[in-house]
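The following paragraphs lead through one protein model, from its overall arrangement to selected residues. Please keep the sequence and the structure in view while reading.

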Amino acid sequence: MTQTISSSDVKLPRRRRAHKQTRVTHCLRSEIIEGLLRPGEQMPTFDQMEERFGISRGVLRQAVDRLKQDGFVESVDRQGLYVAAR
């Protein structure tokens, strides 16, 4: 069973076999596709996302790395993560 996510709901969708990293990646990707996070906009900090999703920094880094590989986010040295122009 899957729960949907609204902009005010910070819980991850519940999927029995989904890995935490996969769920975070899916959630952030969906927010980018739906326009909740817009191209050029700075992503929340790692601290903010750790608190929001209730996950470790290592899992969050894996999710962000996947989003980078897929072209959804880009990293700017000493400035943070930004939603990539698509």
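From the N terminus on, the elements of this predicted model run α-α-α-β-β, that is, three helices and two strands. Helices (H or I, at least four residues) and strands (E, at least two) are DSSP runs, numbered from the N terminus. Residues are numbered from 1 along each chain as its sequence is written. Because the model is predicted, local features need pLDDT of at least 70 and side-chain atom pairs count only at pLDDT 80 or more, whereas totals for chains, interfaces and linings use all residues; side-chain values use heavy atoms, without hydrogens and water.

Of the 86 residues of the protein, 33% count as buried; buried means under 20% relative accessible area, exposed over 50%, and partly exposed in between (1.4 Å probe, protein chains only). Among contacts with a separation of 6 or more, 48% join residues 24 or more positions apart, where contact means heavy atoms within 4.5 Å.

Two packed helices are described by the angle between their axes and the distance between the axes. The axes of helix α2 (residues 46-53) and helix α3 (residues 57-69) come within 10 Å and cross at roughly 105 degrees. This angle makes α2 roughly perpendicular to α3; angles of 65 to 115 degrees count as roughly perpendicular, under 35 as roughly parallel, over 145 as roughly antiparallel and the rest as oblique. Axes are lines fitted to C-alpha atoms, for helices over the stretch in contact, and angles run from 0 to 180 degrees between N-to-C directions.

Helix α2 contributes Phe46, Asp47, Met49 and Glu50 to the contact, and α3 contributes Arg57, Leu60, Arg61 and Val64. These residues divide into four nonpolar, no polar and four charged. Ala, Val, Leu, Ile, Met, Phe, Trp, Tyr, Cys and Pro count as nonpolar, Asp, Glu, Lys and Arg as charged, and the others, Gly among them, as polar. The charged end of Arg61 sits over the ring of Phe46, 4.9 Å from its centre; the criterion is NZ of Lys or CZ of Arg within 6 Å of the ring centre and within 35 degrees of the ring normal.

Val64, in helix α3, counts as buried because its relative accessibility is 2%. Leaving aside residues up to four places away in sequence, Val64 touches Phe46, Met49, Val73 and Leu81. The C-alpha atoms of Val64 and Gln21 are separated by 8.9 Å, although the two are 43 residues apart along the chain.

Glu31 belongs to helix α1 (residues 20-33). Glu31 also counts as buried, because its relative accessibility is 9%. With residues up to four places away in sequence left out, Glu31 touches Leu36, Leu37 and Arg52.
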